[in-house]
Amino acid sequence: MASIKQFQVTFDCAEPERLARFWCEVLGYVVPPPPEGFATWDDFKRSQPPEQRDSWFACSDPSGVGPRLYFQRVPEGKAAKNRLHLDVRVGTGLVGKERLAVLEAECARLVPLGAVHVRTLYDGNDSCIPMQDIEGNEFCID
């Protein structure tokens, strides 16, 4: 069997476009062009039946390397800790205070976007900053 080379990460959420745009800012992702035949995403939304409007949104890595992120509206709210989370890798290869400073700078950039700083984990060498996105999904700055 051939190995799979591409995948997307799907988020169940309340506000797909808002959450997608948040993750665009976090990861440097972009909103893809609207579907064929529509000049704008608003034009596309207006073409949908009311119950389908704003039911999904997506964003992608402009370099084509990272996975596509897909956000789909679901009726229920988030009720428990994620069983899967994203690690935003900003400190790769760094250790100690240098690593911690890079992670803290990224945390400071994300909080004004609506992210929540949960705590800072630092043992003098390694560090990680658990956070939550604008809908309470856990992720780590790593």
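Visitor: Helices here are DSSP runs of H or I with at least four residues and strands are E runs of at least two, numbered from the N terminus. What share of residues 8-141 is helix, and what share is strand?
Guide: Over residues 8-141 the chain is 25% helix and 25% strand, with the end C-alpha atoms 20 Å apart. This is a predicted model, where local features need pLDDT of at least 70, side-chain atom pairs count only at pLDDT 80 or more, and totals for chains, interfaces and linings use all residues. Residues are numbered from 1 along each chain as its sequence is written, and side-chain values use heavy atoms, with hydrogens and water left out.

Visitor: What does UniProt place at residues 8-141?
Guide: An unreviewed UniProt entry gives the feature "domain: Glyoxalase-like" for that stretch. UniProt positions follow the numbering used here, feature names are shortened, and annotations may be inferred rather than shown by experiment.

Visitor: And which domains does the domain assignment give?
Guide: Domain 1 covers 8-73 and domain 2 covers 86-141; such bounds come from an automatic or database domain assignment. Taken over C-alpha atoms, the domain centres are 25 Å apart.

Visitor: How many residues are in contact between domain 1 and domain 2?
Guide: There are 12 residues of domain 1 in contact with 13 of domain 2, contact meaning heavy atoms within 4.5 Å. The two domains bury about 1,100 Å² between them, 71% of it on carbon and sulfur atoms. That is the accessible area (1.4 Å probe) that two parts lose on being put together, summed over both.

Visitor: Which residues of domain 1 lose the most area to domain 2?
Guide: Phe22, Trp23 and Val26, together 47% of what that side buries.

Visitor: New topic: how many aromatic pairs are there?
Guide: The structure holds 10. Rings of Phe, Tyr and Trp (its six-membered ring) pair if their centres lie within 6.5 Å; planes under 30 degrees apart are stacked, over 60 edge-to-face, the rest tilted. Trp23 and Phe139 form an edge-to-face pair, 5.0 Å centre to centre with 70° between the planes.

Visitor: Where do Trp23 and Phe139 sit in the chain?
Guide: Trp23 is in helix α1 (residues 16-27) and Phe139 in strand β8 (residues 138-141), 116 residues apart, and the pair links distant parts of the chain.

Visitor: Is Trp23 buried or exposed?
Guide: Trp23 is buried, because its relative accessible area is 1% and buried means under 20% (exposed is over 50%, partly exposed in between; 1.4 Å probe, protein chains only). Phe139 is buried at 1% as well.
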